[in-house]
Amino acid sequence: MKRISIATFIAFVLALPAVLAGAPAGSEQEIRAMEKLWNESRVRADVAALDRLLDDSWTVTHGDGTINTKAEYLADLKSGDRKFFADVKQDDFTVRIYGDTAVAAGLSDSKVEYKGKPSGGALRFTRVYVKRDGRWVMIVSHATRR
């Protein structure tokens with residue numbers, strides 16, 4: 001019977017949750033970084049960064065129930081119709097990885113105007129990412145007022 005070292009056993013035990021979930025250990029950190037980029041890019045109206053982050057089929061359901069496609073959302077940011085006035089705050093934030101799919105959820109608060117009217121505010125959100133060709137892209141976002 002082979003014996004394993006204590007260090008090998010500890011390394012195995014620490015890696016077990018990621019192995020069981022079928023996800024690389026860094027996937028959660030990658031999604032957290034994507035969320036940071038998502039929030040910062042919206043505040044800066046960085047359409048180029050958002051274009052890379054969002055899948056072409058991406059849609060968003062806003063807290064008031066309206067829906068935008070990627071093209072509509074990016075056009076609103078580019079034209080200034082949708083403006084973020086301060087950093088987006090996140091709280092109670094979780095990331096769950098399911099192979100090549102990730103679900104990010106939590107609470108957010110932002111000061112936004114859409115066509116001159118207040119928007120944003122306190123929301124509960126869920127965003128879904130998939131890994132395609134070795135990189136994560138957001139495929140859908142949904143928010144509800146809290």
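Author: Happy to. Where pLDDT is low, the predicted coordinates should not be read in detail.

Reader: Good to know. What is the average pLDDT of the protein chain?
Author: The average is 86, and 83% of the residues score at least 70. This is a predicted model, in which local features need pLDDT of at least 70 and side-chain atom pairs count only at pLDDT 80 or more, while totals for chains, interfaces and linings use all residues. Residues are numbered from 1 along each chain as its sequence is written, and side-chain values use heavy atoms, with hydrogens and water left out.

Reader: Fine. How many helices and strands are there?
Author: The protein chain has four helices and seven strands. Starting at the N terminus, the order is α-α-α-β-β-α-β-β-β-β-β. These are DSSP runs numbered from the N terminus: helices are H or I with at least four residues, strands E with at least two.

Reader: And what share of the residues is buried?
Author: Of the 146 residues in the protein chain, 35% are buried. Buried means under 20% relative accessible area, exposed over 50%, and partly exposed in between, with a 1.4 Å probe and protein chains only.

Reader: On to the rings, then. How many aromatic pairs does the structure hold?
Author: Four. Rings of Phe, Tyr and Trp (its six-membered ring) pair if their centres lie within 6.5 Å; planes under 30 degrees apart count as stacked, over 60 as edge-to-face and the rest as tilted. One of the pairs is Trp38 with Tyr73, which is stacked at 6.0 Å centre to centre with 20° between the planes.

Reader: Why does that pair tie together parts that are apart in sequence?
Author: Because Trp38 belongs to helix α2 (residues 27–44) and Tyr73 to helix α4 (residues 70–79), the pair links parts 35 residues apart in sequence. Ring pairs also join Trp38, Trp58 and Tyr73 into a cluster.

Reader: Are Trp38 and Tyr73 buried or exposed?
Author: Trp38 is buried, at 1% relative accessibility, and Tyr73 is buried too, at 2%.

Reader: Nice. Which charged ends sit over rings?
Author: Lys111 has its charged end over the ring of Phe85, 5.5 Å from the centre. Arg127 places its charged end over the ring of Phe125, 3.9 Å from the centre. The rule is NZ of Lys or CZ of Arg within 6 Å of the ring centre and within 35 degrees of the ring normal.

Reader: Switching to strands: how do β4 and β5 pair?
Author: Strand β4 (residues 89–98) and strand β5 (residues 101–114) pair antiparallel over eight bridges; two strands pair if DSSP finds at least two bridges between them. Val95 has Ala104 of β5 as its bridge partner. The two strands form a hairpin with two residues between them, and Gly99 in the turn has a positive phi of about 65°.

Reader: Last one: what is Gly121 in contact with?
Author: Beyond its neighbours within four places in sequence, Gly121 touches Ser108, Asp109 and Ser110. Gly121 lies in strand β6 (residues 117–132). Its C-alpha is 5.9 Å from that of Lys111, ten residues away in sequence.

Terms used:
Contact means heavy atoms within 4.5 Å. pLDDT is the predictor's confidence in each residue, from 0 to 100.
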